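Q: I would like to learn how to read the features of a protein model. Please guide me through one.

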Amino acid sequence: MGFDVTADAYASFMGRFSEPLARQLVDLLDPAPGDRALDVGCGPGTLTAVLVDRLGADRLSAVDPSPSFVQAVRALLPEVDVRDGAAEELPFGDEVFDLATAQLVVPFMTDPVRGLSEMRRVVRPGGLVAACAWDLDRGPVRVLWRAADELFPGASAAIDLPGARDGQLAELMTTAGLDVQLATTLTVRVQIATFEEWWAPFSFGIGPAGEYVATLTDGDRERLRVRCVDLLPDEPLEIVGVARVATSRRA
Ligand SMILES: C[S@@+](CC[C@H](N)C(=O)[O-])C[C@H]1O[C@@H](n2cnc3c(N)ncnc32)[C@H](O)[C@@H]1O
């Protein structure tokens, strides 16, 4: 999946939505002062930075398989313990964290149950495991997929990933040995000044949407762009994204 990109490219494409989501997620999880937290699939450090503000850099660890993101977090947050690795094999000992989070990561895990089991393993009994994923039909780039489905039926199968449908995150967590106490949604609203500002980052090749756009011919990409103009609200655009969240306190 296309995540070996610069932090700036990610920020202009997905970070603009994941940053307000991170703030809401941390408010929801409400970690206590002194908690040790792990950000799994940290990307360029969007959620990591919000957790650092709350807990302090010395309480944070982060892990991601994308070398450019690991480098970006090390540069942005030099005091955070940042590791190169995947959720399925977390490079941490047992029961060392009070909180393990995976924001917008479960859909991209090669084995989500194993990844969530690993998150359970590294959290102490009584600690919290939390994951969120954009809702399949209400994510912030849904308009792109709506337009794509109209022009090229079946296109949005690319985002029918684990955790995106109602109840899936909770099911995956249960299979991973976690009792889910909370399943809810968080809604972000982001103002984007112009259509071009919304559209340009799709050419960066990031995530399923970027990868999909890269497969189109110039002509098909232009048809998609024109259809998105029709479907989106007037400028400035208010983009709404709904994420599904599930949390579990380890027994
Ligand atoms: C949509 S980004 C989310 C990044 C960040 N958590 C955020 O909220 O902005 C998905 C991230 O998952 C990472 N990722 C992909 N496969 C993974 C895996 N198996 N284990 C952990 N992270 C993974 C990617 O490298 C990327 O950084």
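Q: Which residue in strand 4 stands opposite Leu38?

A: Strands of a sheet pair through backbone hydrogen bonds, in either a parallel or an antiparallel sense. In this predicted model, Leu38 faces Ala100 of strand 4. Strand 1 (residues 37-40) and strand 4 (residues 97-103) run parallel and are joined by three bridges.

Q: In what order do the strands of the open sheet lie?

A: The order is 3-2-1-4-5-7-6, with seven strands and mixed pairing. Strand 3 and strand 6 (182-192) are the edge strands, each pairing on one side only. On average, neighbouring strands are turned by 20° against each other, direction ignored.

Q: What is the handedness of the β-α-β unit made by strand 2, helix 3 and strand 3?

A: The unit is right-handed. Its strands, strand 2 (residues 60-64) and strand 3 (residues 81-84), pair in the parallel sense over four bridges, and Ser61 has Asp81 as its bridge partner in strand 3. Helix 3 lies across both strands, running at about 170° to strand 3.

Q: Which residues of helix 5 are buried?

A: In helix 5 (residues 142-151), the buried residues are Arg142, Leu144, Trp145, Ala147 and Ala148. Their cover includes helix 8 (207-215) and helix 9 (218-231).

Q: How many residues surround the ligand?

A: The ligand is surrounded by 25 residues, the closest being Phe3, Ser18, Gly41, Gly43 and Ala87. By class, the shell has 13 nonpolar, ten polar and two charged residues. Helix 1 contributes the largest share, three residues.

Note on methods: Residues are numbered from 1 along each chain as its sequence is written. This is a predicted model: local features need pLDDT of at least 70, side-chain atom pairs count only at pLDDT 80 or more; totals for chains, interfaces and linings use all residues. A residue is near a molecule or strand if its C-beta atom, placed from the backbone, lies within 6 Å of it. Helices (H or I, at least four residues) and strands (E, at least two) are DSSP runs, numbered from the N terminus. Ala, Val, Leu, Ile, Met, Phe, Trp, Tyr, Cys and Pro count as nonpolar, Asp, Glu, Lys and Arg as charged, and the others, Gly among them, as polar. A residue is buried if 20 or more other C-beta atoms lie within 10 Å of its own, exposed if 12 or fewer, and partly exposed in between; C-beta atoms are placed from the backbone. Two residues are in contact if their C-beta atoms, placed from the backbone, lie within 7 Å. Two strands pair if DSSP finds at least two bridges between them. A crossover is right-handed if, with the strands pointing away from the viewer, the path from the first strand over the helix to the second runs clockwise. Axes are lines fitted to C-alpha atoms, for helices over the stretch in contact, and angles run from 0 to 180 degrees between N-to-C directions.
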